[in-house]
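Happy to walk through this one with you. Let us ask what lies behind each label.

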Amino acid sequence: MSRRPAVLPADAAIRRLRAPLVRWYRRHRRDLPWRRTTDPYAIWVSESMLQQTQVATVVPYYRRFLELFPTLEALAAAAEDEVLAAWSGLGYYRRARALREGARMVVERHGGRVPRDPETLRTLPGVGRYTAGAIASLAFGAEEPVVDGNVRRVLSRLFALEPRGAAGDERLWSIAGALARGSAPGDLNQALMELGATVCTSRSPSCAACPVARDCAARASGDPDRWPAPKSPKPATSARLALAVVVRRGAVLLERRSPGAPLRGEWDLPAALIADGLRAAATLEAALAARLGVRVALGPLAATSRHAILDRRFVLEAHAARSVSGRPAAGRGRFVPLGALDRVPVSSATTKILRALGLTAAPTAASTSLRPAPGGPRRR
Ligand code: SF4
């Protein structure tokens, strides 16, 4: 149980926000598929997908995932590769692995019923304080708070707070907890998140359309987007990442992700970071021989792209193989038919390069700056 911070806005000031927020949410909410259900499993799926991913991207994945795995038992019984394939394109595959592992735990330890209690929910893999609060309140109507980035911004502005460090976070959770107490806690939580996503946006909040503008300290100040102060970003690092495009008999060589690998797919084009002064092709050839037992002779630069993962900026440099011999080490690498690439969980970096070279039509998750070099490989 968390300690209640010493200085909080008055309970009455917090609680008079409830009714206008809930009323506004019921009238203005976006019609999203996970808002049509109180099935805790479906809500868990949606919350897992929505971490780090935008709503518009998640909607088709959510629908397809529930078609493939309509129940918690179906997900628990599925092979990991099937689940990762259904997640293919969403990225951050550890979310999919945690979800499947969590489903198995619920079947084994909780008789197939998603726990109602947030403390028990938080024992499941990938379920933190936010996700536990979301499942408990949205599926079970528990008076549990949620604080995500949107809620953090809305509460900071409403009370002109600058939430710094752990104590600042705890203060927000306490205010959210006071708000969640009462009827329809799920709608109240969704109202805060929806307000942050659509009205109280980080830049230029639309205070004229806000149901709680009258009680908002930031709006009264005349400078609402002053709160919360932006976090100072970590300085970005940049690196060159060379990728090998090895195509044999209509199939491309992919390597299974290993701990610490820079790309985030479960399977990706074999890649190597290139230190200053090193030749990309030679470094990649040595890496493929050592890691996969495959001997390749790589050609010149075939395509480039830029790619960012959190605070790391990569320049991707793709080299196509002129010749290849040997079989990839079992479990570490495999040749995947080009026509089956959309069923393999690869990172958007791999997809960008394969698209640039005309090897896949799969859409990329992010915008790209591609420069196919002349003479690159084509589908064979
Ligand atoms: Fe955000 Fe403006 Fe509403 Fe305050 S009044 S919560 S700043 S949209």
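Here are some questions and answers on the ligand site, a helix pair and the backbone.

This is a predicted model, in which local features need pLDDT of at least 70, side-chain atom pairs count only at pLDDT 80 or more, and totals for chains, interfaces and linings use all residues. Residues are numbered from 1 along each chain as its sequence is written, and side-chain values use heavy atoms, leaving out hydrogens and water.

Q: Which residues surround the ligand?
A: They are R157, L158, C200, P205, C207, C210, A213, C216, R219 and P224, where a residue counts as near if one of its heavy atoms lies within 4 Å.

Q: What makes up the shell around the ligand, by class?
A: The shell has 8 nonpolar, no polar and 2 charged residues. Ala, Val, Leu, Ile, Met, Phe, Trp, Tyr, Cys and Pro count as nonpolar, Asp, Glu, Lys and Arg as charged, and the others, Gly among them, as polar.

Q: Why is α9 called oblique to α12?
A: Helix α9 (residues 129-140) and helix α12 (residues 185-198) pack at about 130°, with axes 7 Å apart. Angles under 35 degrees count as roughly parallel, over 145 as roughly antiparallel, 65 to 115 as roughly perpendicular and the rest as oblique, so α9 is oblique to α12.

Q: What about phi of A184?
A: A184, not a glycine either, has a positive phi of about 50°.

Q: Which peptide bond is cis?
A: The bond from W227 to P228 is cis, with omega near -20°.

Terms used. Axes are lines fitted to C-alpha atoms, for helices over the stretch in contact, and angles run from 0 to 180 degrees between N-to-C directions. Helices (H or I, at least four residues) and strands (E, at least two) are DSSP runs, numbered from the N terminus.
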